[in-house]
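This briefing concerns the protein–protein and protein–DNA interfaces of the complex shown below. It is arranged by topic for reference alongside the coordinates.

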Number of protein chains: 2
Amino acid sequence: MTRSEENYLKTIFHLGGGDSKSITTNAIAEQMETKPSSVTDMAKRLSEKGLVDYVRYQGVSLTDAGVKTALSIIRKHRLWEVFLVKKLDFTWDEVHEVAEQLEHIKSEKLIDKIDELLDFPKYDPHGDPIPTKDGKFQERDEKLLSEIPINSQGVCVGVKDSSVPFLKFLDKNKIALGNTIKVMDKEDFDNSLRIQMEGKEMRISHQIAANLYVKKND
Amino acid sequence: MTRSEENYLKTIFHLGGGDSKSITTNAIAEQMETKPSSVTDMAKRLSEKGLVDYVRYQGVSLTDAGVKTALSIIRKHRLWEVFLVKKLDFTWDEVHEVAEQLEHIKSEKLIDKIDELLDFPKYDPHGDPIPTKDGKFQERDEKLLSEIPINSQGVCVGVKDSSVPFLKFLDKNKIALGNTIKVMDKEDFDNSLRIQMEGKEMRISHQIAANLYVKKND
DNA sequence: ATTTAAATTTAGACAAAACTAAAAATAGAT
DNA sequence: ATCTATTTTTAGTTTTGTCTAAATTTAAAT
């Protein structure tokens, strides 16, 4: 299992290829910032190895073995992210790049010990669930902030977009996971929201609200 | 700087190529379990990049830039070894393989934070000195146990051979870094030693004594 | 049912890093 | 000084992972 193969499996999983849905080479190429022809080559290789089902001109989907491998890499990525934040004081916008490297370290003992050191966390710093050793996800009943009705409230539990600019924006506006947010009002014109958070009121655009996951209280 | 290039620089350094001594392609190939022809190819590449001086049929030595790079990799390797032992309860015979992977992670912040987390250790689990950020070694006045005279004693501070079998042998015989060892007697016939350690007396072969570093007390 | 546009694959090339086999240079022995 | 034996390099090949350009297939539109 090479580093590149692992990255392809991870990407296919993130694009939904774990649910036996066919992902096009174009979609994969775009996500990985590479060319569709390169993806075709890799699709053949992964297919040979029994990690994906590949039908020419149709796309790829992960086999059971492929899902298992993808989940183990995602598990490592997210555990390392927690480690970087909790033990080394990285900020949540700094961890991704380093975790992209650490996720490829091959040592089962290492990642199990990291898991233990962190006291078996269930979510990474962006609120994404960490698969268990046997590949199970703990799903959470979460909704996008943009989709809950006026006057309802919830706890902020995750971000959909975990790009550096978005995370920095949230920091600057003191929006953090764990905060309770109440939707006071919606503006029909631009879908912006008036919210109350930690005692203060503020207005946020639809684009922000559509990238914040909350767990509803009432 | 590819992983392979880093491994070559590290090996050349360990073979003494940091002291502007010429290391033969054969010696490097043997150490890295590869072929001399492969080493020649790499020697040319590293030479192009200004990391080694390479003279055909003579061998290679590290340039200043090459030494600097080699030390930074060795620093990372040894810090990760300390991390694995101190924070994740790895044994000293388990750390090398994983550290070989971790040493190639590219993030200055990461290794500096690991250094800080470990409280800036000076030696790795095998007693090898950890270079500082600016590439300085803290040398220690150490001698091989086989080379100190009868009736002198010292503290065990490192191993010359850090192979798994040797380390396991030491564990089995309760020989650990930090132990005080006194040389009671030497056997002319096979150069074996009678030693006193932590209150007990035992006999060890020359091969063992020649792979243990001690810091003399008297 | 064609035509066209878009998506996808093939073919051929390249770079990194390795190998094997053959050629060339060096060093040691006479 | 010459001849070997050894070391080292060269030349050509392989694998992985990528690319470009050309060809092919699919899907959408008339």
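**Interfaces of the complex**

Between chain A and chain B there are four residue pairs in polar contact, with both residues of each pair at pLDDT 80 or more. The model is predicted.

**Contact between chain A and chain B**

- Helix H4 (64-88), helix H5 (95-102) and helix H6 (108-117) of chain A each contribute at least two residues to the side of chain A that touches chain B.
- H6(A) supplies the largest share of that side, namely five residues.
- By class, the side of chain A that touches chain B comprises 10 nonpolar, three polar and seven charged residues.
- In total, 20 residues from chain A and 20 residues from chain B take part in the contact.
- The two chains bury about 1,700 Å² between them, and 68% of this area lies on carbon and sulfur atoms.
- Two salt bridges are found across the interface of chain A and chain B.
- A salt bridge joins Glu94(A) to Lys109(B), with the closest N and O atoms 3.0 Å apart.

**Surface near DNA strand C**

- There are 20 residues around DNA strand C, of which Lys44(A), Tyr54(A), Thr2(B), Thr34(B) and Ser38(B) come nearest.
- The side chain of Thr2(B) places an N or O atom 2.5 Å from a phosphate oxygen of DNA strand C.
- For the side chain of Thr34(B), the distance from an N or O atom to a phosphate oxygen of DNA strand C is 2.5 Å.
- Arg45(B) has a side-chain N or O atom 2.7 Å from a phosphate oxygen of DNA strand C.
- Two or more residues of this surface come from each of helix H2 (25-32) and helix H3 (36-48) of chain A, and from each of helix H1 (3-14) and helix H3 (36-48) of chain B.
- Sugar or phosphate accounts for 82% of the atoms of DNA strand C within 4 Å of the protein, and bases for the rest.
- The surface near DNA strand C is made up of five nonpolar, 10 polar and five charged residues.

**Surface near DNA strand D**

- DNA strand D is surrounded by 21 residues, the closest being Thr2(A), Thr34(A), Arg45(A), Lys44(B) and Tyr54(B).
- Of the atoms of DNA strand D that come within 4 Å of the protein, 75% belong to sugar and phosphate.
- A base oxygen of DNA strand D lies 3.1 Å from a side-chain N or O atom of Ser37(A).
- Tyr57(B) approaches DNA strand D through its backbone, with an N or O atom 3.0 Å from a phosphate oxygen.
- At least two residues of this surface come from each of helix H1 (3-14) and H3 of chain A, and from each of helix H2 (25-32) and H3 of chain B.
- H3(A) makes the greatest contribution to the surface near DNA strand D, with five residues.
- The classes represented near DNA strand D are six nonpolar, 10 polar and five charged residues.

**Annotated domain of chain A**

- An unreviewed UniProt entry assigns residues 1-63 of chain A the annotation "domain: HTH dtxR-type".
- Residues 1-63 of chain A are 52% helix and 13% strand, and the end C-alpha atoms of the span lie 15 Å apart.

Note on methods:
Residues are numbered from 1 along each chain as its sequence is written. Chains are lettered from A and ligands numbered from 1 in the order in which they are written. This is a predicted model: local features need pLDDT of at least 70, side-chain atom pairs count only at pLDDT 80 or more; totals for chains, interfaces and linings use all residues. Side-chain values use heavy atoms; hydrogens and water are left out. Contact means heavy atoms within 4.5 Å. Buried area is the accessible area (1.4 Å probe) that two parts lose on being put together, summed over both. A salt bridge is a side-chain nitrogen of Lys or Arg within 4 Å of a carboxyl oxygen of Asp or Glu. A polar contact is a pair of N or O atoms within 3.5 Å; within protein, one must be able to donate a hydrogen and the other to accept it, and residues adjacent in sequence count only if both atoms are side-chain atoms. Helices (H or I, at least four residues) and strands (E, at least two) are DSSP runs, numbered from the N terminus. Ala, Val, Leu, Ile, Met, Phe, Trp, Tyr, Cys and Pro count as nonpolar, Asp, Glu, Lys and Arg as charged, and the others, Gly among them, as polar. A residue is near a molecule or strand if one of its heavy atoms lies within 4 Å of it. UniProt positions are given in the numbering used here, feature names are shortened, and annotations may be inferred rather than shown by experiment.
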